[in-house]
Amino acid sequence: MSGTLPQPNSISAQDEPVVVDIRPLLQRLWPDPGASQVTAKEIADAIGLIFTNQLSPVQTGSLLTALHFTGWDRRADVLAEASAAMRAASAPIDFKVLNEVVQRKARKEGRYYGGLCDIVGTGGDSHNTFNISTTSSILASTLLRMGKHGNRASTSKSGSADLLMCMTPRSAPLARITPRTIAEVYEKTNYAFLFAPVFHPGMKYVAPIRKELGWRTIFNLLGPLSNPLHDAIEVRMLGVARDDMGPIFAEALRLAGCTKGLIVCGAEQLDEISCAGESLCWQLVQSPDGVVEVEHFRLTPEDFGLSRHPLNTVSPGKEPHQNAEILRKILANEMPDDDPILEFVLINTAALFVTSGICDADTSNMAPGDDGKVITERGPGNGRWKEGVRRARWAIKSGEAWKEWESFVDVTNSFTMS
């Protein structure tokens with residue numbers, strides 16, 4: 001099929017999409033795509049047609065259904081190829097300009113080389129916890145250059161975009177960050193949020209079909225793998241809501257070219273590092289000869305030097321404006337040091353710092369308010385998890401996290417809607 005399908009961007013002279021018939025693929029997908037020798041590339045080619053409205057709603061639904069019930073939407077090779085197709089169909093970014101800005105303003109430390117970082121979860125864990133990865137991304141922007149990819153809520157009350165657009169005293173108009181303005185954002189701040197509807201406009205063709213199907217599809221898994229800044233991302237931390245998906249996502253990231261990443265799943269089937277108990281981790285590590293391997297280990301709050309907190313203390317299930325007030329208090333250093341939600345955030349921010357390699361520095365040049373006392377103790381996976389917490393607390397107490405947020409708000413509000 002991959003040799004006969006038109007490319008997803010193929011359109012007629014009248015600029016009308018050319019609808020492609022994928023019945024031959026659908027017939028091979030069911031009931032046993034393995035026996036029919038279906039390839040991940042064939043599936044990705046078909047999914048690519050969705051983004052340019054070249055696949056009928058009926059065949060789109062049939063494709064998503066077949067992938068779901070055969071389990072092929074949970075294969076590493078399919079996720080890697082399909083996410084590549086999704087990124088290829090995203091709004092084009094001038095990476096030459098973007099990379100010039102990122103490299104010129106890079107702040108290297110330890111094994112962190114100044115590239116972009118992302119922290120994201122698949123969602124769907126039904127725990128309704130606070131927006132941990134979004135909050136962690138802001139804290140992390142004090143030392144790392146963040147490219148947070150996210151959307152409105154789909155399985156919870158408050159998605160990452162909902163949260164940020166409800167912040168007070170000023171919110172961030174996320175739709176103003178576009179491929180045209182993204183480089184300018186990084187000229188003025190370490191933080192950028194890529195609002196999925198802006199960067200993946202082709203998703204509008206599948207949205208109503210997903211709603212009608214009534215079950216999670218491959219698109220619930222592709223989002224975390226489809227950051228449009230992919231080619232510029234150095235570090236990834238990704239939470240999965242099922243522990244059996246951990247090694248699958250680790251392999252999908254490896255196939256996609258990631259060399260520095262951490263996949264996490266709380267033992268409660270939580271798409272974050274848990275504040276309540278054990279978390280399973282799969283870390284991508286590149287050897288000196290360039291081979292990327294996956295190392296598996298477990299983490300507990302004690303590895304970070306913190307206490308355990310039951311999930312019901314960090315699962316407010318609140319509306320976006322209520323979660324936004326919690327975020328404001330965290331950034332403004334108005335939360336008690338042992339607040340369960342704060343420590344939940346610190347754990348996950350620390351893990352991102354460790355994954356980036358910045359905690360491997362034996363000296364610390366954070367300012368202001370940094371005592372310079374690096375915690376060199378290493379824990380599971382050979383990570384300096386307590387040093388990560390020290391840096392995360394510094395981000396708040398120094399006021400630098402709030403400054404990064406204000407800089408982001410300033411730059412996004414300076415843009416006009418095009």
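The second largest cavity has a volume of about 40 Å³. A cavity here is a set of points, on a 1 Å grid over the protein atoms alone, where a 1.4 Å probe fits but cannot get out. Grid points are joined across faces, edges and corners, and the volume is the space filled by probe spheres set on the points. This is a predicted model, in which local features need pLDDT of at least 70 and side-chain atom pairs count only at pLDDT 80 or more, while totals for chains, interfaces and linings use all residues. Residues are numbered from 1 along each chain as its sequence is written, and side-chain values use heavy atoms, with hydrogens and water left out.

Which residues line the second largest cavity? They are Ile119, Val120, Ser133, Met237, Leu238, Gly239, Val264, Asp271, Glu272 and Asn348. Lining residues have an atom within 4 Å of a point. Five of these residues are nonpolar, three polar and two charged. Ala, Val, Leu, Ile, Met, Phe, Trp, Tyr, Cys and Pro count as nonpolar; Asp, Glu, Lys and Arg count as charged; the others, Gly among them, count as polar. Strand 1 (116-121) and strand 4 (233-239) each supply at least two lining residues. Strand 4 gives the most, with three. Strands (E, at least two residues) and helices (H or I, at least four) are DSSP runs, numbered from the N terminus.

Strands 1 and 4 also pair with each other. Their pairing is parallel and runs over six bridges. Two strands pair if DSSP finds at least two bridges between them. Gly121 has Gly239 of strand 4 as its bridge partner. Both strands belong to an open sheet of seven strands, in the order 3-2-1-4-5-6-7, with mixed pairing. Strand 3 (191-195) and strand 7 (292-299) stand at the edges with a single partner strand each, so one side of each has no neighbour in the sheet. Neighbouring strands are turned by 20 degrees against each other on average, direction ignored.

A pocket is an open set of points with protein on both sides within 12 Å along at least five of seven lines. The second largest pocket holds about 380 Å³ of space. Its lining has 19 residues, and Arg111, Gln283, Leu284, Val285 and Asp360 lie nearest its centre. Strand 6 and helix 14 each give two or more residues to this lining. Strand 6 gives the most, with four residues. By class, the pocket lining has five nonpolar, eight polar and six charged residues.

Helix 14 also takes part in the largest cavity. Asn333, Asp337, Leu342, Leu346, Arg393, Ile396 and Lys397 line that cavity. Helix 14 (340-356) and helix 15 (385-397) are the elements that give two or more residues to the lining. The largest share, three residues, comes from helix 15. Three lining residues are nonpolar, one is polar and three are charged.

How do these two helices meet? Their axes come within 8 Å and cross at roughly 115 degrees. Axes are lines fitted to C-alpha atoms, for helices over the stretch in contact, and angles run from 0 to 180 degrees between N-to-C directions. The crossing is right-handed; that is, the near helix is turned clockwise from the far one by less than a right angle. Contact means heavy atoms within 4.5 Å. In helix 14, the contact residues include Leu342, Leu346 and Phe353; in helix 15, they include Trp385, Arg393 and Ile396. The contact has 10 nonpolar, two polar and three charged residues.
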